[in-house]
Amino acid sequence: MDVPRLAAPVASTVSRFLAGAGLLVRGLGLYVRSPGLMLLGIVPALLSGVFFVAAFATLLFFVDDLAALVTPFAGDWSASWRGLVRVVAGLAIVGIAGLLAVLTFTAVTLVIGDPFYEKISERVEDRLGGTPGAVEVPFWASLRRSIVDSLRLVAISVLVGVPLFAAGFIPVVGQTVVPVIGAAVGGWFLALELVGAPFYRRGMRLPERRSLLRADRPTALGFGVAVFVCFLIPLGAVLVMPAAVAGAALLARRSLGQSIEEG
């Protein structure tokens with residue numbers, strides 16, 4: 001009589017998740033070996049970072065007013081209960097704003113830095129043997145596709161963010177489970193955004209890359225969540241963005257069954 005083997009799939013899923021996170025570390029190593037690209041890679045992220053930091057600081061300044069605005073039902077409650085509900089609402093607002101900020105930051109920075117990040121991604125692939133099936137994509141066509149796909153991903157993330165915002169009002173769960181779900185959702189969308197350049201070079205659009213990443217979702221999630229967590233660290237997005245682009249080239253090649261080893 002055969003005994004069901006339950007441990008192997010779990011171990012495999014965990015190992016693939018960790019391998020995905022490791023692609024970000026490898027991307028950092030590949031990126032820092034190209035000093036000439038390092039400064040160019042940071043400039044677009046720095047420009048976006050200044051804007052988003054200012055926007056998030058403004059949100060924090062007005063978060064109490066926003067919390068009161070979305071909880072009009074608590075206006076007649078006792079001061080203690082009203083205060084508690086509005087603290088939870090404020091935390092939910094800040095949490096979902098953080099999720100959307102990370103995703104939109106990536107989209108905006110990829111658009112601003114498209115030529116720089118394309119060069120980083122291409123150079124990483126050249127070190128790994130080149131880009132099989134590469135197609136010539138005019139700059140403006142590439143930029144237009146990048147904008148359209150980024151807007152589509154941001155729109156989807158907003159739709160996902162609405163129920164997460166509502167769940168943020170649930171005591172305990174909203175402050176523990178919801179952030180974990182938010183990191184997983186944010187990581188998935190980050191992975192989809194960041195692999196855009198290597199897939200464009202192969203003439204592949206968003207549906208193809210979504211399908212290929214879904215086939216090895218733990219690896220894609222491992223990479224995306226690692227990037228997401230780094231982006232939450234002050235200045236992390238600015239410093240890690242170029243390495244994330246390099247790591248995304250590795251993720252794309254892995255999802256396509258192509259070598260990610262130098263040689």
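The charged end of Arg 217 is placed over the ring of Trp 188, at 4.6 Å from the ring centre. This is a predicted model, and the points below take up its aromatic pairs, one of its helices and a nonpolar patch on its surface.

**Aromatic pairs**
- Searching the whole structure gives 3 aromatic pairs; in one of them, the ring centres of Phe 51 and Phe 52 are 5.3 Å apart and the planes meet at 85 degrees, so this pair is classed as edge-to-face.
- Phe 51 has a relative accessibility of 57% and therefore counts as exposed, whereas Phe 52, with a relative accessible area of 16%, is buried.

**Helix H9**
- Helix H9 covers residues 217-232, and its 16 residues reach 22 Å from the first C-alpha to the last, which is close to the 22 Å expected at 1.5 Å a residue.

**Nonpolar surface patch**
- Leu 39, Val 43, Leu 47, Val 108 and Ile 112 together make a nonpolar surface patch of about 440 Å²; the elements that give two or more residues to this patch are helix H2 (35-69) and helix H3 (79-112).
- Helix H2 gives the most to the nonpolar patch, with 3 residues.

Key
Residues numbered from 1 in each chain as written. Predicted model: local features only at pLDDT ≥ 70, side-chain atom pairs only at ≥ 80, totals over all residues. Heavy atoms only, no water. Phe/Tyr/Trp six-rings, centres within 6.5 Å; stacked < 30°, edge-to-face > 60°. Buried < 20%, exposed > 50% of the residue type's maximum accessible area, 1.4 Å probe, protein only. Lys NZ or Arg CZ within 6 Å of the ring centre and 35° of its normal. Helix = DSSP H or I, 4+ residues; strand = E, 2+ residues; numbered from the N terminus. Expected span 1.5 Å × (residues − 1). Patch = residues over 30% accessible without salt bridge, like charges linked within 9 Å, V, L, I, M, F, W, Y side chains within 5 Å. Areas by Shrake-Rupley, 256 points an atom, 1.4 Å probe, with all protein chains shown as cover. Salt bridge = Lys/Arg side-chain N within 4 Å of Asp/Glu carboxyl O.
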